[in-house]
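Dear colleague,

I am handing over the structure below, and I would be glad if you kept it open while you read the notes that follow.

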Amino acid sequence: MKLSTLAAAADVSAASIKYYIHEGLLPPGQKKNATTAVYDETHLHRLALIRWLREELATPIADIAELTRAIDDDSLPTIELMGVCQELALRGNSGLPASAQRPPGSPPFALRTSGTQPTEDSPAPDRYDELVSEVIDRLGWPDEESAARNALARVVALADEGGYPATVESVVAQCRAIAPLAQTHVRPISVEHSRDKVCLSVIRGITVSNRQLIAASALAHASLSMMSRSSDD
């Protein structure tokens, strides 16, 4: 398809497409002649990913560029690419404090050499890391280094410091409650999808889950508060 057709199909302006190509987020079209290039479905998939990140998460261009480099790196296994997506989703719309995330400029967890430890800029104390290990063990889930694992340990530490201590039992209960929802988002991801579509599915699934959980938590806190006040009256 021509640039104008691609722009219409992706609902993105031609100027934006040219900008994404210039910034390296989108591969250039195949030259048909000196003045015309043609584009295909792979460009549509990439533009759908970029558009969602920009509109839903206001993701900076630099972060999108980091993700697209990972997508285009064929030596990076899809499962590790999904880890990069998970980290980007956590960074973009999770409510996590900066201390629970990867510091800017450090390599993504999924791109680190196997066996390396989390950066010292945002570690969780050992006892919270051990708590997360016990949680994962009780759930029977794989205990692998990841953005999500590091974030959970750090958030539990921050909650404890703020006077809201978590226990293994309480975190296990939360994970078990969340698992069915997460499974519905994992199931549609197919190895037959393009890497761009896999990334969009992962990031969108985590974001939707986060938003639902935050809203449900707010509802629970508000409702229980109202019930408590009513009983006091």
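In helix 6, the residues Arg 127, Tyr 128, Asp 129, Leu 131, Val 132, Ser 133 and Ile 136 meet Arg 149, Leu 152, Ala 153, Val 156, Ala 157 and Asp 160 of helix 7, where a contact means heavy atoms within 4.5 Å. Please bear in mind that this is a predicted model, in which local features need pLDDT of at least 70 and side-chain atom pairs count only at pLDDT 80 or more, whereas totals for chains, interfaces and linings use all residues. Residues are numbered from 1 along each chain as its sequence is written, and side-chain values use heavy atoms, with hydrogens and water left out.

Helix 6 covers residues 126-139 and helix 7 covers residues 147-161, and the two pack at an angle of about 120° with their axes 9 Å apart; the axes are lines fitted to C-alpha atoms, for helices over the stretch in contact, and angles run from 0 to 180 degrees between N-to-C directions. That angle makes helix 6 oblique to helix 7, because angles under 35 degrees count as roughly parallel, over 145 as roughly antiparallel, 65 to 115 as roughly perpendicular and the rest as oblique.

Glu 130 is also found in helix 6, and this residue is exposed, with a relative accessible area of 52% (buried means under 20% relative accessible area, exposed over 50%, and partly exposed in between, with a 1.4 Å probe and protein chains only). Between Glu 130 and Ala 153 there are 8.5 Å in space, C-alpha to C-alpha, although they are 23 residues apart in sequence.

A search of the whole structure finds 1 aromatic pair. Tyr 19 and Tyr 20 form this pair, which is tilted, with 6.0 Å centre to centre and 55° between the planes; rings of Phe, Tyr and Trp (its six-membered ring) pair if their centres lie within 6.5 Å, and planes under 30 degrees apart count as stacked, over 60 as edge-to-face and the rest as tilted. Tyr 19 is partly exposed, with a relative accessible area of 38%, whereas Tyr 20 is buried, at 11%.

As for the chain as a whole, it has 9 helices and 2 strands, which are DSSP runs numbered from the N terminus (helices are H or I, at least four residues, and strands are E, at least two). Buried residues make up 36% of the 233 residues in the chain.
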